[in-house]
Protein chains: 2
Amino acid sequence: MNNNAQANSEEIITAALLVIGDEILSGRTKDKNISHVADHLTDIGIRLKEVRIVPDEEAEIVAAVNELRARYTYLFTTGGIGPTHDDITADSVAKAFSVGIDIDERALKPMLAYFEKRGVEVTPARLRMARIPFGAELVENTISVAPGFMLGNVIVMAGIPAVMQVMLDAATKFLKTGKKMLSAAIDLNRPEGEIAAVFGELQQRYPDVPMGSYPFYRDGKPGTQLVLRSIDPDRLAAAENELKMALAARGWL
Amino acid sequence: MNNNAQANSEEIITAALLVIGDEILSGRTKDKNISHVADHLTDIGIRLKEVRIVPDEEAEIVAAVNELRARYTYLFTTGGIGPTHDDITADSVAKAFSVGIDIDERALKPMLAYFEKRGVEVTPARLRMARIPFGAELVENTISVAPGFMLGNVIVMAGIPAVMQVMLDAATKFLKTGKKMLSAAIDLNRPEGEIAAVFGELQQRYPDVPMGSYPFYRDGKPGTQLVLRSIDPDRLAAAENELKMALAARGWL
């Protein structure tokens, strides 16, 4: 097992998520992508370290893409790759990378076939969805064909949740994945304020096992969920065991 | 009415929201605060321009607080003001402002009264919740008493949605509010790709009325919601009227 913190830290794959869209910031649309991306990345051993939501403004998107792609192993984006004038993500990402962008034959062909089969009119607006920055890999969209793409370490996906989800699955094959972050959770019928001292003391002795406490109310009574996390199953089990003993000794478990 | 873009732009009050918590980034907890804050700010005429989610790490919180408070009229934060070791928001905000922090009598007194009344033990961990940066105004918590605070243009609130909501209501009295952003929405049983040309052309003639289109599927058929936004009711009505005429002329309405 990896009891070497140095070795573990080398295996950490990080990511940020950039959600693009005025409609999320105005409250008109309720985001459903953040929690899905968070769950998926946790499942495949990639640590989501930051999320940002920005409006459909080129300067904002370019600045956020360049800051976040430099900082994390991967940057995922959602939103802004449809056919209308407010869909400016692909062009903004091309600008962030200082590369050109144009209709991509790999994207266009299946889209034209899909349109023909369904009798959908080929409009200049629809053709915009085949615009892909030079040098990008396509990310398949098995629902409505118009693809996402991966350029460098940036994965650009649709905003519609169902389409985003198939793109995220499709993109996963391009990704390095790390050791899965494991977790253990204990629910207690005790308020946070009573547990804090015991819990904080344990955290000090296990600095490599991040611990969080999350208060809840059930049937009008306060409780707390204690969560321990580690990529090392042995360290996680040791910390969990100590915590359970400390709680049991106080009659709390 | 305000048809003067200069005068309007002077009235724009902006905000960012900083969501603090490992549990959101890991997917363990589903955020419920972003959409509530977005709705509330839109209602009171404050424009939410950016949201960030960062982990419970002091350096991350301090950097985000300092960047966002400099950039927007207000910065709201949620999460990390409970009693446990991972609750570091108040200390991080004090550090961002380079001010001290200590137990605040204004916060402590009602908390002690509340604890006594309910027979809740006064622990050092619970007293931590009375730590308020020097110079801050308290933001009342009518649910569980431990307050939020406002320091400069930064409003610090709890992460538990019910508590966050009463704090947001309480903080609103401290805020300058702008002209409410008005919106008009039209649902069409047409896919985005067909509407894009007409819609984009209208946007060009109304650069002061931001327009967005949001695809949806109902009963397996594609549709699009077109949304126009302005703080000026006359401009909004004029753009909406032109859009309806253009759609009706094509038999789409």
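This is a predicted model: local features need pLDDT of at least 70, side-chain atom pairs count only at pLDDT 80 or more; totals for chains, interfaces and linings use all residues.
View 1. Let us start with the residue from the opening question.

**View 2. Strand S7 of chain A between two pairing partners, S6(A) and S8(A).** How many of the seven residues of strand S7 are buried? Six are, so this strand, residues 145–151 of chain A, is mostly covered. On one side of the pairing, S7(A) meets strand S6 (residues 137–141) in the antiparallel sense, with four bridges. A:Glu137 has A:Met150 of S7(A) as its bridge partner, and three residues separate the two strands of this hairpin. S7(A) also pairs with strand S8 (residues 154–157), again antiparallel, over three bridges. Here A:Phe149 is found opposite A:Val156 of S8(A). The S7(A)–S8(A) hairpin has two residues between its strands, and A:Gly152 in the turn shows a positive phi of about 60 degrees.

**View 3. Helix H5 of chain A, a mostly covered helix.** This helix spans residues 89–97, and seven of its nine residues are buried. Among them are A:Val93, A:Ala94 and A:Phe97. After H5(A) comes A:Ser98, with a positive phi near 55 degrees.

**View 4. The side of chain A that touches chain B.** Now for the place where the chains meet: 48 residues from chain A and 48 residues from chain B take part in the contact. Several elements of chain A give two or more residues to this side, including helix H3 (33–43), strand S2 (46–54) and strand S10 (211–218). Which element gives the most? That is H9(A), with eight residues. Sorted by class, this side of chain A has 20 nonpolar, 14 polar and 14 charged residues.

**View 5. Strands S2(A) and S2(B), paired across the two chains.** S2(A) pairs with strand S2 of chain B, residues 46–54, in the antiparallel sense over three bridges. One pair to look for is A:Ile53 with its bridge partner B:Val51 in S2(B).

**View 6. The rotation that superposes chain A on chain B.** Turning chain A by 180 degrees, with 0.0 Å of shift along the axis, superposes it on chain B with an RMSD of 0.0 Å. The two copies are therefore related as by a two-fold rotation axis. Which residue of chain A comes closest to the rotation axis? It is A:Arg52, whose C-alpha is at 2.2 Å. Both copies use the same surface, since 100% of the contact residues of chain A recur in chain B.

Note on methods. Residues are numbered from 1 along each chain as its sequence is written. Chains are lettered from A and ligands numbered from 1 in the order in which they are written. A residue is buried if 20 or more other C-beta atoms lie within 10 Å of its own, exposed if 12 or fewer, and partly exposed in between; C-beta atoms are placed from the backbone. Two strands pair if DSSP finds at least two bridges between them. Two residues are in contact if their C-beta atoms, placed from the backbone, lie within 7 Å. Ala, Val, Leu, Ile, Met, Phe, Trp, Tyr, Cys and Pro count as nonpolar, Asp, Glu, Lys and Arg as charged, and the others, Gly among them, as polar. Copies are superposed by least squares on the C-alpha atoms of residues with pLDDT of at least 70 in both.
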